[in-house]
Amino acid sequence: MHIQEPLYSDFQKLFRLHYKTLCMHAYKYLADADESQDAVQEVFVKFWEIKQDMVNDKNALYYLITAVRNNCISRLRKKVHTVSMEDEMVYNKITDTPLEAEEDKESTDIQTLVDEALALLPPKCGAIFRMSRIDKLTYQQIANELGISIKTVENQMGKAISIMREFARTHYIPLSVLFSLIYFLEHRGMLNFYV
């Protein structure tokens, strides 16, 4: 299909009309602006490839909302699987090192790296991050516990993830690996993160 055709023009209108809304919808699941945009763009690409007949359908938005939700859930499942594998790899790397001194040094290096990252979080931001990522509370539970709005929780989590992303970038490690290390240390009672 040639991109100048009216159907493609209608598709572009659909994209411009709903892209930001769908990104905000994706953000509720992924809590990451870049990943949310990627998820929505993937949905639009697939929509154009296999659902062109729905471009002018009044139910197109409902289809897109469902597709974005499903894509986000799929991404979260892959992330959980990846994090588990990375966690296991980090654990094996530490436990399989033949020299005890080397093991202690690597463990200390990991702990130092995580401590540095967590120390960057302002107190309120750090408390909310801990409640969400370590204590596994929902945003609503955090808001109720602290007597703040969910929007404030979302803003503080966005700020925390932004700080962590920048730390990970400057230390040349993927953000998911940094989160895996935090999980790894917490899981083994080695996390020094009290706010």
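Student: Which residues in α5 and α6 meet?

Tutor: First, a word on the source: this is a predicted model, in which local features need pLDDT of at least 70 and side-chain atom pairs count only at pLDDT 80 or more, while totals for chains, interfaces and linings use all residues. Residues are numbered from 1 along each chain as its sequence is written, and side-chain values use heavy atoms, leaving out hydrogens and water. Contact means heavy atoms within 4.5 Å, and helices are DSSP runs (H or I, at least four residues) numbered from the N terminus. Here, Ile-128, Met-131 and Ser-132 of α5 meet Tyr-139, Ile-142, Glu-145 and Leu-146 of α6. By class, that contact has 5 nonpolar, 1 polar and 1 charged residues; Ala, Val, Leu, Ile, Met, Phe, Trp, Tyr, Cys and Pro count as nonpolar, Asp, Glu, Lys and Arg as charged, and the others, Gly among them, as polar.

Student: At what angle do the axes of α5 and α6 cross?

Tutor: Two packed helices are described by the angle and the distance between their axes. Axes are lines fitted to C-alpha atoms over the stretch in contact, and angles run from 0 to 180 degrees between N-to-C directions. Those of α5 (residues 123–134) and α6 (residues 139–146) come within 10 Å and cross at roughly 140 degrees. The pair is therefore oblique (under 35 degrees is roughly parallel, over 145 roughly antiparallel, 65 to 115 roughly perpendicular, the rest oblique).

Student: How do α5 and α7 cross?

Tutor: At roughly 95 degrees, with the axes of α5 and α7 (residues 150–170) coming within 9 Å, so this pair is roughly perpendicular. Ile-128 and Ser-132 of α5 take part here too, and Met-164 is among their partners' side in α7. The contact divides into 8 nonpolar, 3 polar and 3 charged residues.

Student: At what angle do α7 and α8 pack?

Tutor: At about 105 degrees, with axes 9 Å apart, which makes α7 roughly perpendicular to α8. Ile-161, Met-164, Arg-165, Phe-167 and Ala-168 of α7 touch Leu-175, Leu-178 and Phe-179 of α8. That contact has 7 nonpolar, no polar and 1 charged residues.

Student: What volume does the largest pocket have?

Tutor: About 1,100 Å³. A pocket is an open set of points on a 1 Å grid over the protein atoms alone, where a 1.4 Å probe fits, with protein on both sides within 12 Å along at least five of seven lines; lining residues have an atom within 4 Å of a point. Points join across faces, edges and corners, and the volume is the space filled by probe spheres set on them. Of its 33 lining residues, Tyr-29, Leu-30, Ala-31, Leu-76 and Arg-133 are closest to the centre. The largest share of the lining, 7 residues, comes from α8.

Methods: Helices (H or I, at least four residues) and strands (E, at least two) are DSSP runs, numbered from the N terminus.
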